[in-house]
Amino acid sequence: MKWIVTVLAVIFCVIIVFFSIKGEDLYYSTKPSVEVERPIRVNGKVVLPETSVFHGADGDYIFTVESEQGFSTEILTVTKIRLTSCEPDDMGYFGEGYVLVEAEGYQNAPTVVWASGELKDGERVVEK
């Protein structure tokens with residue numbers, strides 16, 4: 001009986017040590033990676049890279065990022081915002097590859113410009 005208790009205690013300790021060391025890596029390896037930038041405002045319009053605009057059956061949209069402090073890092077959560085307008089940047093301030101966007105309720109929040117996979121509203125992500 002002592003032998004069984006000792007073996008179970010050792011196994012339990014090994015599991016605790018493993019998840020203490022690798023738990024964070026395992027958690028974040030299951031989350032999509034994103035690249036985030038702050039939007040630029042020029043003449044009252046929001047200028048974003050074209051890669052930040054996602055296209056779906058219900059129209060164009062962007063994802064903004066909210067962060068909160070976790071135990072050892074910031075936890076990022078994406079919010080889907082539907083665009084009311086998306087047009088090419090004719091001003092040419094930044095060169096090609098930028099668009100002018102408008103969205104109802106959109107503030108100057110950090111915006112996802114690249115994602116490793118498909119994102120869902122309210123999903124937790126990891127910044128690349």
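The model is predicted, so local features need pLDDT of at least 70 and side-chain atom pairs count only at pLDDT 80 or more, while totals for chains, interfaces and linings use all residues. Residues are numbered from 1 along each chain as its sequence is written, and side-chain values use heavy atoms, without hydrogens and water.

Let's start with strand β10, residues 124-127; strands here are DSSP runs of E, at least two residues in length, numbered from the N terminus. Strand β1 (residues 33-37) runs parallel to β10, and two bridges join them; two strands pair if DSSP finds at least two bridges between them. Val34 has Glu127 in β10 as its bridge partner. Strand β6 (residues 74-82) is also joined to β10 by two bridges, this time antiparallel, with Leu76 opposite Val125.

Next comes an open sheet of four strands, in the order β2-β3-β8-β7 with antiparallel pairing. Its edges are β2 (40-42) and β7 (85-88), each pairing on one side only. Four bridges tie β7 to the antiparallel strand β8, residues 98-102, and Glu87 has Leu100 in β8 as its bridge partner.

Finally, look at Thr111, which lies in strand β9 (residues 111-115). Leaving aside neighbours within four places in sequence, Thr111 is in contact with residues including Glu35, Val36, Leu48, Phe63 and Tyr106, where contact means heavy atoms within 4.5 Å. A polar atom of the Thr111 side chain also lies 3.1 Å from the backbone oxygen of Ala109.

Key: A polar contact is a pair of N or O atoms within 3.5 Å; within protein, one must be able to donate a hydrogen and the other to accept it, and residues adjacent in sequence count only if both atoms are side-chain atoms.
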